Amino acid sequence: MATTRGSAKKTGEKKPVPPPTNVGDFIIVLVMTVCKKILLVDTSVKIGLYFAGVVIGSVLADMIQLPRTYLSSKDNFFNQYFVKLGWGWTLIILTAFITQTSYVYSLGKTNLVKVHLLRLCMGTFWWYTMVSLINYIESVVGVCSGKGPIGRDACIKNGKSWLGFEISGHVFLLIHNLLTISEEVKIFKDWKKLGEMFEDPDCPTNKNIKMADFLQGRKNYRVLGPYINGTFVIVAVFMVLWEFMLIISTIYRFHTTSQKVTAVFMAVACWFGSYRLILGYSKAGSLKLLQKPGESPMKFTKIG
């Protein structure tokens, strides 16, 4: 009986109490926790929320006349300097995030970093193509408010109004930004796990990785960690800004409900084409030119 109690004491030993946390560390942990709550929501869930939000918000806006405010003007600061340049801002922050994180999990291989950045070229293609399509549809699907000129340009040149089907470019752009960000930052769910793998001396053998590459990756993880966390926080700030501006674009009557919903479908189609079709089948043939977020020799996160 004594032996049993002795073994129980050994197996039931308490873990050492961690050292006290100072105020600075507590604030960092709190900020990172909030940012993770904002960014690491499943993309499919976000799509459902955005779609429901745009539909409900648009219907309510049609039923209720909201008071005009500074934000209801298309000339407000956020619209002029952020939303209209939205894809540019998203490109900047995601380029920084992907460059830093892929340099870590690709073990310092710059050629692999460039491959991961190619996903943003795909996003840029969709942005340019869809914005051009929106402008084209608006120019051909509509009528002039007066008799005489035919075509949008001629109608406007003659001082009349063109009544066309103007798909909401703002709604498309904002949701395109949001879904791209959501897909690219999801690797952060397993970022702590990657750090633990770099501390495992058996990892190079288990993953069939050269020791020199492994040590380089561990060094990159430690050195770039604070910068990656800072970039992650900035990405979260832009996520909140884009979602806030999506609400503004939805509840004020800049476009009809059908024009906003069409924009949602276009943005979701771009996401599906990129992250479910193209990247979903990137293991075959020349499409291997593209890699999924987190794809690396470390195999630290679930791909797809």
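## Cavities in the model

A cavity here is a set of grid points where a 1.4 Å probe fits but cannot get out. By this rule, the predicted model has three cavities of 30 Å³ or more. The largest cavity holds about 40 Å³ of space.

Which residues line the largest cavity? They are Trp87, Arg119, Leu120, Met122, Gly123, His176, Thr180, Ser274 and Tyr275. Helix 6 (110-140), helix 8 (169-185) and helix 12 (257-278) each bring at least two residues to this lining, and the largest share, four residues, belongs to helix 6. Sorted by class, the lining has four nonpolar residues, four polar ones and one that is charged.

## Helix 6 beside helix 8

The axes of helix 6 and helix 8 come within 11 Å and cross at roughly 165°. An angle over 145 degrees counts as roughly antiparallel, and therefore helix 6 and helix 8 are described that way. Their crossing is right-handed.

On the helix 6 side, the contact is made by Arg119, Gly123, Trp126, Trp127, Met130, Val131 and Ile134, and on the helix 8 side by Gly169, Phe172, Leu173, His176 and Glu184. By class, this contact of helix 6 with helix 8 has seven nonpolar, three polar and two charged residues. Arg119, Gly123 and His176 belong to this contact and also to the lining of the largest cavity.

## The largest pocket

Now for the open space. The largest pocket holds about 420 Å³. Its lining is made up of 13 residues, and those nearest the centre are Lys36, Trp191, Lys192, Tyr221 and Asn229.

Which helix gives the largest share of this lining? Helix 11 does, with five residues. Helix 2, helix 9 (191-198) and helix 11 each supply at least two. The pocket lining divides into five nonpolar, three polar and five charged residues.

## Helix 2 against helix 11

The axes of helix 2 (residues 23-39) and helix 11 (residues 211-251) come within 9 Å and cross at roughly 50°. Because of that angle, helix 2 is oblique to helix 11. The crossing of helix 2 with helix 11 is left-handed.

From helix 2, Val31, Met32, Cys35, Lys36, Ile38 and Leu39 take part, and they meet Asn229, Phe232, Val233, Val235, Ala236, Met239 and Val240 from helix 11. The residues of this contact divide into 11 nonpolar, one polar and one charged. Lys36 and Asn229 sit in this contact and are also among the residues nearest the centre of the largest pocket.

## Helix 9 against helix 11

Helix 9 passes helix 11 in a left-handed crossing.

Trp191, Lys192, Leu194, Gly195, Met197 and Phe198 in helix 9 are in contact with Phe214, Gly217, Arg218, Tyr221 and Ile228 in helix 11. By class there are seven nonpolar, two polar and two charged residues in the contact of helix 9 with helix 11. Trp191, Lys192 and Tyr221 take part in this contact, and these residues are also listed among those nearest the centre of the largest pocket.

Notes:
Residues numbered from 1 in each chain as written. Predicted model: local features only at pLDDT ≥ 70, side-chain atom pairs only at ≥ 80, totals over all residues. Heavy atoms only, no water. Axes fitted to C-alpha atoms, helices over the stretch in contact; angles between N-to-C directions. Parallel < 35°, antiparallel > 145°, perpendicular 65-115°, else oblique. Left-handed = near helix turned anticlockwise from the far one by under 90°. Contact = heavy atoms within 4.5 Å. Nonpolar A, V, L, I, M, F, W, Y, C, P; charged D, E, K, R; others polar. 1 Å grid on protein atoms, 1.4 Å probe; cavity = no way out; pocket = protein on both sides within 12 Å on 5 of 7 lines; lining within 4 Å. Points joined across faces, edges and corners; volume = space filled by probe spheres on them.
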